[in-house]
Amino acid sequence: MVEQETPGSSAPAPARPTTSPDGARAQRFGPFVLVALSMAWGLWELRPELRAVPYLDDSSLHEQMVRVAATRISQGHLPLTSWFPYLGLGSPQFLHYQSLPSMVSGLAGTLVDPDTVFRWSLYLLLALWPITVYWSGRLFGLSRWTAASAAAVAPFLASAAGIGYETKAYVWVGYGVWTQLWASWTLPLAWGFTYRALSSLRGAFWAVLFIMLTVALHYETGYLAFVPLVVWPFVAPSDLWRRIGRAVALGAAAALASAWVIVPLLAQSHWAARNQVLEGTGLENGYGAGQMLTWLFTGNLYDNGHSPSWLPVITILVAVGIGVCLARWRSFLAGRALVVIWVVTLVMSFGRTTFGSLYDIVPGSSDIFIRRFEMAPQLSGILLAGVGLVFLGQLLLGGVLGLFPEDPRGWVMQPAGRGVVAGLCIGALVLVLAPAWSSMDTYDSHNATNIGFQAEDDALQGPQLDQLLAYVHAHPEGRVYAGAPTNWGHDFLVGDVPVFKYLESKDIDEVGYTLRTASLMTDPEYYFDESNPGDYPLFGIGYIITPADMASPVEADKVGCSGDYCLWALSDAGYIHLYDTTGELTATRADVGTQSEALLGSPLLDEQRDLTVAFNGQAAAVPTATDASALQGTPGHVVAEHADLPNGMAGAVVHTTRRATVVLSASYDPGWKATVNGRPAPTVMVAPALVGVVVGPGVHTVTFSYAGYGSYTALFVLALAVLLVLGAAPFVWRRLPRRSAGSPDPT
């Protein structure tokens, strides 16, 4: 009923059936039924994800990026070179972050509602994921039943961390790592095609294409796409040097094809902040060998929360699959590859917590969340579980058939018998996975219930808050502050969603939803002091939204209240302000937050005094006032302001009484350019990490404009050229003239 993988081959070679064509069709049909059932499960269970409610998790950022991408594309702009203004005082988010999913969805969002595109992409990518697991298994040469069994396991993983290839990582009550979900479709195929290409470069085009896509879709997953090129040449010692050569060629081609992602990221890395708050924690450094191995051997890497806890069925299947591969080590090449990648990536997931500075040999490892690498032992574990399932199924089937005389056993080889056995095997698989799918059903029901509650609360409270936001839209005077995750903002809600996340769903430029982007202001924003009046103009805040029973944290005029929410307006509102710079602040991208903490708590800012920044070892701009004690009064005021940060533009007419710095409350980036009275002027970094320009006394017209990274066209051409060469190479090779073995040398 189940064909065997051919040991050492890259494709299954089952014995040719001696039964009728109907029997062969029945044999082929069963695995497809199993894959279809796995996808049907997801399509049914995940339907609540299609309801339009504000997101509780990181999906709020991803959905907003889709909306921004749709807008920029419809205006004829490339999101990669655009300014993303809404979080962390803005950043070139599409450059620093894995933005291909947002751009693809944004392109579709130019035709239909972008939020609808986002919800359907999440729903379909998660529900239909078993099909790519099946395809990957077949690329490894696993039998249809083995690949289908792996696909059947795929929807039911659950880990203690909850951030791998599992439902919790993506759904409304989970983590919302949507870009990882996109890459979960390409990593299995990158591995599968790489496995084939190492045996024959005829599959090089697809291997390079899917590695490139994986890098562009999700950075951490992109690392995992390259790992097989390092370790898999060694799983076939008899062909070692040729496989190393192919791996080097594939790696070089994949790196060149991915240069449009990697090169801008490296070139602009000095202007992307490190997350100081998470630095040194397991979230960034990995959980370490002790924790990962504990989770593995207690069933919490694959079966966390499954009931009964003493029957971690997926963990057991993975262990059986590993045992089968080890037993067939000498002859089962795909099994060797899967076990090796499982071991290597499991060790990688231990991270800096175990290996310390040794982990620095991994390029860029200081800027990634190493804990995400657990998705690789999960993916390889899924395929190994498929091997284990088929092995156990064959044992069980052989044992049952052995109970019958030889003649009745022949009925199993007939078309009807094969169909019955296939159906029984599918039923047995459903029964075996019962602890996993029943627990997942409970979790999905919990997710659906909470989405329903949120929809009800949103219908009641949303219009109350929207009434205040309509005033903000009609009177744009800067950003909105509605608390932060570290203070009262955590419990200031619309249903279960904090107001600062609700604001994001409405594309309100805000301060308070911290640590969302790689902007240089993301860490200083974490140290924003809401009791310091001087922090509000520095961060460009014009409005505060509070609970109805709470006063404004600083002096402000109450605009009005609506239901549970009140809106306050600040007097010194806007995005552009004047400051005397009276000293220097030394900082790097790794400590700009903590280095700014004292300034953000000081009275200097309320006196319109700030500091220039000596950043990343570079000299700071000369302060405008070297003797602060001699300063009297303010340096001037803004006469008129116009800000259009979604389009990367802002400007003001300012009146200064002395030499001063005009500061735009936007995160510093070298892409910002300034003019003063129509003439280009150099920008300066003003603490914590804002963009400014120095002007003399008098009345000046100052403009700021953002121009993103400028070499994308050349990098796109390079990627296209690499793929065209790889795509055309097999056709050219076939048409090259061949000299027969016995023909004379023409020379």
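Guide: What follows is a set of questions on terms, each answered by setting a value against its definition.

Guide: Please keep in mind that this is a predicted model, where local features need pLDDT of at least 70, side-chain atom pairs count only at pLDDT 80 or more, and totals for chains, interfaces and linings use all residues. Residues are numbered from 1 along each chain as its sequence is written, and side-chain values use heavy atoms, with hydrogens and water left out.

Visitor: Why is the link of Cys561 and Cys566 called a disulfide?

Guide: A disulfide is a pair of cysteine sulfur atoms within 2.5 Å. The sulfur atoms of Cys561 and Cys566 are 1.9 Å apart, so the pair meets that cut-off. The structure holds one disulfide, and with 100° about the S-S bond this link is right-handed.

Visitor: What makes β6 and β7 a pair?

Guide: Strands here are DSSP runs of E with at least two residues, while helices are runs of H or I with at least four, each numbered from the N terminus. Two strands pair if DSSP finds at least two bridges between them. Strand β6 (residues 557-562) and strand β7 (residues 565-569) have five bridges, so they pair, and the sense is antiparallel. Ser562 stands opposite Tyr565 in β7. The two strands form a hairpin with two residues between them, and Gly563 in the turn has a positive phi of about 60°.

Visitor: What makes β10 and β14 edge strands?

Guide: Five strands form an open, antiparallel sheet in the order β10-β11-β17-β13-β14. β10 (636-644) and β14 (679-681) each have a single partner strand, so one side of each is left without a neighbour in the sheet. The twist averages 25° from one strand to the next, where axes are lines fitted to C-alpha atoms (for helices over the stretch in contact) and angles run from 0 to 180 degrees between N-to-C directions. Within this sheet, five bridges join strand β13 (residues 672-676) to strand β17 (residues 698-706), and Thr675 stands opposite Thr703 in β17.

Visitor: What counts as lining in the second largest pocket, and how many residues does that give?

Guide: On a 1 Å grid over the protein atoms alone, a pocket is an open set of points with protein on both sides within 12 Å along at least five of seven lines, and lining residues have an atom within 4 Å of a point. For the second largest pocket that gives 44 residues, of which Glu477, Gly478, Ala573, Gly574 and Tyr575 lie nearest its centre. β10 gives the most to this lining, with nine residues.

Visitor: How do you know the make-up of that lining by class?

Guide: Ala, Val, Leu, Ile, Met, Phe, Trp, Tyr, Cys and Pro count as nonpolar, Asp, Glu, Lys and Arg as charged, and the others, Gly among them, as polar. By those classes, the lining has 25 nonpolar, nine polar and ten charged residues.

Visitor: Why is helix α6 called mostly covered?

Guide: Eight of the ten residues in helix α6 (residues 130-139) are buried, among them Val133, Tyr134 and Leu139. Just after α6, Gly141 takes a positive phi of about 85°.

Visitor: What makes Asn677 and Gln608 worth a look?

Guide: Most residues other than glycine have a negative phi, and most peptide bonds are trans. Asn677, in the loop between β13 and β14, has a positive phi of about 55° although it is not a glycine. At 43% relative accessible area, Asn677 is partly exposed. Gln608, also not a glycine, has a positive phi of about 60°.

Note on methods
On a 1 Å grid over the protein atoms alone, a cavity is a set of points where a 1.4 Å probe fits but cannot get out, and a pocket is an open set with protein on both sides within 12 Å along at least five of seven lines; lining residues have an atom within 4 Å of a point. Buried means under 20% relative accessible area, exposed over 50%, partly exposed in between (1.4 Å probe, protein chains only).
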